[in-house]
Amino acid sequence: MGDEEWVRAYLRHLAAERNLSPYTVRNYGNDLRQFLAFLAGQGLEVAEVTRQDFRLYLALLHQRGTAPASIARKVSTVRSFYRFLVREGHLTSSPLEQVRGPRRPRRLPSYLTYEHVASLIEAADDDSPQGLRDRALLELVYAAGVRLSEVVGLDVDDLDLAEATARVMGKGGKERIVLLGAPAVDALRRYLAEGRPFLARDAAERALFLNRDGGRLSGRWVQELVKRYAARAGIDKRVWPHLLRHSFATHLLDGGADLRVVQELLGHATPTSTQVYLHVTQERQRQRYLEAFRNRRGRRPHAQG
């Protein structure tokens with residue numbers, strides 16, 4: 001097998017065995033083919049690469065002004081690729097086991113305020129079948145903190161509105177139960193009774209959220225839907241579906257929810273991924289503290305006398 005065949009085999013492995021999304025697999029492929037292009041320019045093949053060759057590649061990325069976070073991702077991708085080749089018996093060892101990329105800068109996730117979330121959802125105030133669908137979808141994404149792939153993958157049978165829960169399929173094919181608040185349950189009941197029957201073309205279709213042709217709503221459509229309602233609500237920042245997940249986690253922790261509980265609701269494998277939201281709430285508390293003292297310092301003392 002040649003280098004390109006190895007890459008294709010690895011991408012198939014990511015899609016089939018690790019159950020990664022097409023978007024994620026495409027990003028892996030882009031990183032690996034950029035690496036292959038570098039090797040071609042050096043007259044090298046994957047099996048011939050040394051640690052020094054890879055350090056030259058990293059130096060080239062730095063010279064091009066590639067962001068440290070992007071370089072760290074590329075290092076992780078190529079190292080994972082080599083581990084796959086060793087595991088499959090194509091190579092006896094990986095030349096990159098001791099290679100580390102730059103540390104990723106810790107970036108706190110963005111989020112919407114309670115007021116912004118409310119105005120975003122309220123913007124979906126159309127009583128048409130599509131409007132009822134959109135309202136139910138927005139309520140569910142925020143109430144359950146689900147990923148984009150999880151919400152579009154929902155079937156009607158995954159809902160248990162009597163228990164205010166839904167069953168979602170997360171990363172790596174891991175199933176979990178998420179909770180639904182009363183507004184989400186109400187919106188879903190109305191959509192199922194007054195919206196979905198008018199969108200359905202085939203009684204055998206079990207997808208929860210349907211497009212105008214009666215098929216499953218796509219992730220791209222949901223992204224555009226969220227963007228449209230954010231503009232209608234007058235939110236002056238970029239809004240995308242995952243931002244509602246960030247907001248869900250931040251608001252829960254801000255309200256005193258236990259970190260482990262939030263971890264389970266988000267479907268994170270370890271608390272480490274969830275802790276970043278705790279940093280957000282701590283930073284918010286710090287800002288409130290500083291603002292309170294700034295305001296106090298600006299006040300004039302009452303006259304004594």
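**Close-up 1. Surroundings of leucine 180.** Setting aside neighbours within four places in sequence, leucine 180 is in contact with Leu140, Ala144, Leu159, Leu161, Ala164, Thr165, Ala166, Val185 and Leu188. Contact here means heavy atoms within 4.5 Å. The model shown is predicted: local features need pLDDT of at least 70, side-chain atom pairs count only at pLDDT 80 or more, and totals for chains, interfaces and linings use all residues. Residues are numbered from 1 along each chain as its sequence is written, and side-chain values use heavy atoms, with hydrogens and water left out.

**Close-up 2. The largest nonpolar core.** This core has 53 residues, and those with the most contacts inside it are Leu140, Val151, Leu180, Leu188, Leu208 and Phe209. Two or more residues each come from helix H5 (114-122), helix H6 (129-144), helix H7 (148-152), strand S2 (165-169), helix H8 (182-199), helix H9 (219-232), helix H10 (241-254) and helix H11 (259-266). The greatest contribution, eight residues, is that of H6. A second, separate core has 28 residues, including Tyr10, Phe38, Leu39 and Leu91. A nonpolar core is a set of buried Ala, Val, Leu, Ile, Met, Phe, Trp, Tyr and Cys residues joined through side-chain atoms within 4.5 Å. Buried means under 20% relative accessible area, exposed over 50%, and partly exposed in between (1.4 Å probe, protein chains only). Helices (H or I, at least four residues) and strands (E, at least two) are DSSP runs, numbered from the N terminus. In soluble globular proteins, nonpolar side chains tend to be buried together.

**Close-up 3. The three-stranded sheet.** Three strands form an open sheet in the order S1-S2-S3, with antiparallel pairing. Strand S1 (159-160) and S3 are the edge strands, each of which pairs on one side only. Two strands count as paired if DSSP finds at least two bridges between them. S1 and S2 are joined over two bridges in the antiparallel sense, and aspartate 160 stands opposite threonine 165 in S2. Between S2 and S3 the pairing is antiparallel over five bridges.

**Close-up 4. The S2-S3 hairpin and the faces of S3.** S2 and S3 form a hairpin with five residues between them, and glycine 172 in the turn has a positive phi of about 70°. Arginine 176 in S3 is the bridge partner of valine 168. Strand S3 (residues 175-179) has Arg176 and Val178 on its covered face, whereas Glu175, Ile177 and Leu179 lie on the uncovered one.

**Close-up 5. Salt bridges around glutamate 4.** Glu4, Glu5, Arg8 and Arg33 are linked in a network of salt bridges. A salt bridge is a side-chain nitrogen of Lys or Arg within 4 Å of a carboxyl oxygen of Asp or Glu. The side chains of glutamate 4 and arginine 8 meet at 3.5 Å, N to O. Both residues belong to helix H1 (residues 3-16) and are four residues apart, about one turn of the helix. Glutamate 4 also forms a salt bridge with arginine 33, at 2.8 Å, N to O. Because glutamate 4 lies in helix H1 and arginine 33 in helix H2 (residues 22-42), this pair ties together parts that are 29 residues apart in sequence. Glutamate 4 is partly exposed, with a relative accessible area of 27%; arginine 8 is partly exposed at 37%, and arginine 33 is partly exposed at 35%.

**Close-up 6. The salt bridge between aspartate 31 and lysine 74.** In this salt bridge, the closest N and O atoms of aspartate 31 and lysine 74 are 3.0 Å apart. Aspartate 31 lies in helix H2 and lysine 74 in helix H4 (residues 68-87), so the pair ties together parts that are 43 residues apart in sequence. Aspartate 31 is buried, at 3% relative accessibility, and lysine 74 is buried, with a relative accessible area of 9%. A search of the whole structure finds 18 salt bridges.

**Close-up 7. Packing of H1 against H4.** H1 and H4 pack at an angle of about 95°, with their axes 10 Å apart. The contact is made by Trp6, Val7, Ala9, Tyr10 and His13 of H1 and by Thr77, Ser80, Phe81, Phe84, Leu85 and Arg87 of H4. Axes are lines fitted to C-alpha atoms, for helices over the stretch in contact, and angles run from 0 to 180 degrees between N-to-C directions.
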